[in-house]
Every structure is written in C-alpha cells, then in structure tokens.
Amino acid sequence: MTADLLAKFDPLIAEHAGLLSTGIRDPFGIVMDEVLSPTRAIIKGKETILLGTYNYMGMTFDPDVIAAGKAALDKFGAGTTGSRVLNGTYQTHTECEDALKDFYGTSHAMVFSTGYQANLGMVSTLAGKGDFIILDADSHASIYDGCKMSNADIVRFRHNDVADLDKRLGRLPADAGKLVVLEGVYSMLGDIAPLKELVAVAKKHGAMVLVDEAHGMGFFGEHGRGVYEAAGVADDVDFVVGTFSKSVGTVGGFCVSNHPKFEILRLVCRPYTFTASLPPAVVACSATSIRKLMHAHDKRARLWEATRRLHGGLKALGFRLATDTPESAIVSVLMPGQEMTALMWSTLIELGVYVNMSRPPATPVGVFLLRCSICAEHSNEQIDIVLGRFAEAARACALFAQAA
C-alpha cells in the first residue's frame, strides 16, 4: 500500500471545504479579469476597488515604467533562459542594480528573481553551521525558510521586544557569528519595528544586522529607503533586503550593502546562482520605477494622507484595528474568529471592495484579520466609498453584535 504524502493536509482540506460550503467565495482563489488601474479591477464582471495589492506607490501603470518594459521586450526578447552567473545577465539587469545602488546610496546591489528568494538566499548564505540567527518571532515565512536552509542555530525573540533581544543575545558566545534579522514593517499587523533600539542592541553584542524593507521601501525616510533610514540607523545596518512586488510595482527581490566582500555572494548564494534570472522587460520596468521613486515626494505624501483617512475612518466606525495609529500603509482590521473573517471578506467582495483575508499561520496564533493595503493613487472618494462599504458589511454580518 502506498502512503499518501498529501494525507497530512487532510485537516486543512476539510477546513477549506467547510468554509466554501457556507456559500462564500473562495478568499484564496480570486481572479482579476481585467485591471483598470492601481486601485480598480474587474472581478467576476464587477468593478472592484483594490485594497489588498501592496501596490503602495501605484507604479504598475506608470507610463514611463510601461514604456521601458516594452522597449526591453523588443530589444532583448521575452526571457533569459539562464542564471545570472551564466547567460542570464543582460544590460537591463546591471542597469537595475545601478538604480538600486543610487536609490540606497550603497556600493553593492544584487537582484534576485523574487523577494522570497532574496530573503531565502541572504539568510541561508550569511549564517551557517556554528553561527546564530536571531530573529523576531513574527518574521516572514521567507526569513524562517532561510533559517531552516542555513544550518545555523536559531534564536527567536518576542515581537519588537528590545529587552528580550538584549537578553537572548547576551546568552550567546561572545565570539560566535551572529546575524540579527529584522523587518521595517511587519506585513500582517502593519506595525513598524523600533529599529533604532533593536539595531543598537545588536551592535552592542557584535552581531551583523539584516533588515527587510519590503513594506517600507518608497515612503519611509528622507529618500524613501525604508524604516531603517527614518530611524537613522543606516550606518549600522549591514544588509537591506527588499522586493519589487510592492512599491516598485513589478516582481523580483534584491539585497543592497556596503560590505567590501559582498560580490562573492553571487557565487555562493544558491537561490541566486541556481535560479533563472528575471526577464529583461521586468528589470527594465523595475529600474525605471526605482529611479522615479527617488523623486516621488508627492506620492509619499498622498499615500500617508490616504492611510490616515482610512485608519481614522475605520476607527470612528467602531472597528478594532491592529495599531492605535497608522504606522504604515497597511491597515489591519481585527476580527473575532475565522468564520466572521470569511463572512466579512465575502460580503465586502460582493460590495465591490477587495481586501486580504489573513489567518494563522500567516498571522500570529489566534489572530484573524482583514488586511488593507493603501495605494498613493487611492482618491478620497474611493476611501470614503470603502468606509461606507465596511460599515454596510458589518451591519449585514452583525459584526459588532458578535464582538459585544
């Protein structure tokens, strides 16, 4: 008899089937039939306001970005069919890395095929057997997977807890290799890390620091580099990882650094060395977007304005939010449980508002939420429509009656 290797997923299969048996739409099977703009799409024939796409700076439809991609497609073709260390480095890849170096003010930049691979590659390559990786308990799955691949000893500290980080670092051998991995913005709750204090503790104990700025690039700090820039710790952060699939509006990942030995990583980082490189059109779009983000001051201001409007409006309506104030462009609405989360999500999509339904293990244990990602292109009118539909959905689902 053959053992079914998928049998371990039977409880999840049953849970998902039970969710759909209630008649709601599948929260994890949405298809965009047509995308009209960074904030609008057609889903099942209905125009829908997009409030769950991470398209923070609205660069996906920027005319210059699209033109750069079209030109590269004509000049270099559809793909590279090779790794960056073989035939997969085109002029567009080096131009994209140059744009990153200019944006971040660093001497080195390395582009990966996804943001997931950037974290997977950097974390697993920097720390190895005999080293320690110290990470926030709420770290992204890509960071955890990099830890598993590294063979390093893993130490977790309580989320955003400076004292706990200090205590755990203090227990480690003083002469051991140590990598502290932090995120500028935590993607589920939308809260930001106290990087000034956390980085100071890491340096006190002789650790190197990697900060993931996936959800902070573009609109935190004087140059839009991220929370680490806004916190004033750029000189003490050794590596910054990010993604193109948020503010840049394309796909891909990267790491920037001033470390003098950084370039050797191209030969020893397996998720970089053994992966086909991004299509030339994608990196051409990315380079153009990154250079435009250097001067996107108006967009940054508009993004924060829209974020404050949504956060304040939801709070005024009586919704429980994950943060008391708008800390980032992620506004997470806390729900009492999975059933209500799914019902609210389904009601909102029927009303023409798309948000993310999030649940464990993506969220901390016992936390269910509707996650809203604001875009610089959201108008005041759209935000007000969203607020009205949240109120309508809450009435239809008797949310506040259940919460009481």
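# Patches, burial and salt bridges

Q: Which residues form the nonpolar patch on the surface?
A: V85, L86, I264, L267 and V268 form it, with about 490 Å² of accessible area together. Patch residues have over 30% relative accessible area and no salt bridge; nonpolar side chains (Val, Leu, Ile, Met, Phe, Trp, Tyr) are joined within 5 Å, like charges within 9 Å. Areas come from the Shrake-Rupley method with a 1.4 Å probe, and for residues only the protein chains shown count as cover.

Q: What kind of model is this?
A: This is a predicted model: local features need pLDDT of at least 70, side-chain atom pairs count only at pLDDT 80 or more, and totals for chains, interfaces and linings use all residues. Residues are numbered from 1 along each chain as its sequence is written, and side-chain values use heavy atoms, with hydrogens and water left out.

Q: Where does V85 lie?
A: In the loop between α2 (63–76) and α3 (91–104). Helices (H or I, at least four residues) and strands (E, at least two) are DSSP runs, numbered from the N terminus. V85 is partly exposed, at 33% relative accessible area. Buried means under 20%, exposed over 50%, and partly exposed in between (1.4 Å probe, protein chains only).

Q: Switching to α13. Is that helix largely enclosed or exposed, and why?
A: Largely enclosed by the rest of the structure, because 10 of its 13 residues are buried. Among them are M340, M344, W345 and L348.

Q: What does α13 span?
A: Residues 338–350 reach 18 Å from first C-alpha to last, close to the 18 Å expected at 1.5 Å a residue. The expected span is 1.5 Å times one less than the number of residues. Just after α13, G352 takes a positive phi of about 90 degrees.

Q: And S37, buried or exposed?
A: S37 counts as buried, at 14% relative accessibility. S37 sits in strand β1 (residues 34–37). A polar atom of its side chain lies 3.2 Å from the backbone nitrogen of R40.

Q: What does S37 touch?
A: L50 and F61, leaving aside residues up to four places away in sequence. Contact means heavy atoms within 4.5 Å.

Q: Where is V209 found?
A: In strand β8 (residues 208–212). V209 is buried, with a relative accessible area of 0%. Beyond four places in sequence, its contacts include L179, V199, K203, D236 and F239.

Q: What about K299?
A: K299 is in helix α12 (residues 297–317). Outside four places in sequence, K299 touches M57, G58, M59, A376 and E377. Its C-alpha is 9.2 Å from that of G218, 81 residues apart along the chain.

Q: How many salt bridges in the whole structure?
A: A search finds 21. A salt bridge is a side-chain nitrogen of Lys or Arg within 4 Å of a carboxyl oxygen of Asp or Glu.

Q: Which residue forms a salt bridge with E15?
A: R359, with the closest N and O atoms 2.1 Å apart. The pair links distant parts of the chain, 344 residues apart: E15 is in helix α1 (residues 10–21), R359 in the loop between β13 (356–358) and β14 (368–373). E15 is partly exposed, at 33%.

Q: How do D164 and R158 meet?
A: Their side chains form a salt bridge, 3.8 Å from N to O. D164 is buried at 2% relative accessible area, while R158 is partly exposed at 46%. Salt bridges that share partners join R158, D161, D164, K167 and R168 into one network.

Q: Are R225 and E229 buried or exposed?
A: Both R225 and E229 are buried. Their side chains meet in a salt bridge at 4.0 Å, N to O.

Methods: Polar contact = N/O pair within 3.5 Å; in protein donor to acceptor, adjacent residues only side chain to side chain.
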